[in-house]
Amino acid sequence: MRSALELAEQAQNAGEVPVGAVVVKNGTIIGRGYNRPITTADPTAHAEVMAMRDAAQHLGNYRLAECTLYVTLEPCAMCVGAIFHARIARLVYGAPDPKTGACGSVIDLPKEGRLNHHMQVIGNVLAEEGGGRLKQFFAGRRKVTANGGETG
């Protein structure tokens with residue numbers, strides 16, 4: 001999770017929402033990603049998706065079985081769907097997301113028995129660090145907006 005937090009900082013430095021993610025297999029990071037929807041003009045460029053794309057390239061396979069995805073923020077429904085399709089075995093996330101979280105905060109897709117993939121989910125790992133960074137980021141954005149500045 002510490003590596004994911006470092007990637008979240010890279011996202012923030014790039015003007016993106018500070019979320020980072022890593023994919024780990026057999027104790028080794030095989031995929032890294034951070035939020036990049038603004039800089040890539042790609043609404044699917046969430047940290048989780050970027051990390052899974054990197055891991056899939058590393059393995060030469062879109063199936064990431066036996067892998068763990070660490071992400072600093074609870075994934076949204078789009079990302080949980082991608083995690084299912086990749087067959088990630090375990091998801092570990094930091095801060096809960098009360099607005100779009102799809103692992104229990106708003107909805108709980110991993111617990112949906114009708115879906116064809118199930119994984120172990122562990123939440124609230126280093127949540128204060130990741131959540132604090134997000135709160136600070138959005139407080140800064142609100143301040144810029146209140147002062148008449150633009151936001152991305």
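**Exercise 1. Strand pairing**

Which residue is the bridge partner of Val71 in β4?

*Solution.* The model is a predicted one, in which local features need pLDDT of at least 70, side-chain atom pairs count only at pLDDT 80 or more, and totals for chains, interfaces and linings use all residues. Residues are numbered from 1 along each chain as its sequence is written, and side-chain values use heavy atoms, with hydrogens and water left out.

Step 1. Elements are DSSP runs numbered from the N terminus: helices are H or I with at least four residues, strands are E with at least two. Two strands pair if DSSP finds at least two bridges between them.

Step 2. The partner of Val71 in β4 is Tyr93. Strands β3 and β4 run parallel and are joined by five bridges.

**Exercise 2. The chain as a whole**

*Solution.* Step 1. The secondary structure comprises five helices and five strands, which follow one another from the N terminus as α-β-β-α-α-β-α-β-β-α.

Step 1. The radius of gyration, taken over C-alpha atoms, is compared with the globule rule, 2.2 Å times the number of residues to the power 0.38. The chain has a value of 15 Å, close to the 15 Å given by the rule for 152 residues, so the chain is as compact as a globular protein of that length. Its C-alpha trace spans about 50 × 30 × 25 Å along the principal axes.

Step 2. A contact means heavy atoms within 4.5 Å. Of the contacts between residues at least 6 apart in sequence, 55% join residues at least 24 apart.

**Exercise 3. Buried residues and cores**

Which residues touch the most other members of the largest nonpolar core, and which element gives the largest share of this core?

*Solution.* Step 1. Buried means under 20% relative accessible area, exposed over 50%, and partly exposed in between (1.4 Å probe, protein chains only). By this criterion, buried residues make up 40% of the 152 residues, and in β4 five of the six residues are buried.

Step 1. A nonpolar core is a set of buried Ala, Val, Leu, Ile, Met, Phe, Trp, Tyr and Cys residues joined through side-chain atoms within 4.5 Å. The largest one has 26 residues, of which Val23, Met52, Leu64, Leu69, Ile83, Ile88 and Leu91 touch the most other members. At least two residues each come from β1, α3 (47–59), β3, α4 (77–86) and β4 (90–95); the largest share, five residues, is that of α3.

Step 2. Another core, of seven residues, lies apart from the largest one and includes Met1, Ala4, Val24 and Val92.

Step 3. Thr72 lies in β3 and is buried, at a relative accessible area of 1%. Beyond four places in sequence, the residues touched by Thr72 include Met1, Ala4, Leu5 and Ala8.

**Exercise 4. Positive phi**

Where is Asn26 placed, and is Asn26 buried or exposed?

*Solution.* Step 1. Most residues other than glycine have a negative phi. Asn26 has a positive phi of about 50° although it is not a glycine.

Step 1. Asn26 is placed in the loop between β1 and β2, a hairpin with two residues between the strands. With a relative accessible area of 70%, Asn26 is exposed.

Step 2. Glu66 likewise has a positive phi, near 65°. Glu66 belongs to the loop between α3 and β3 and is exposed, at 61% relative accessible area.
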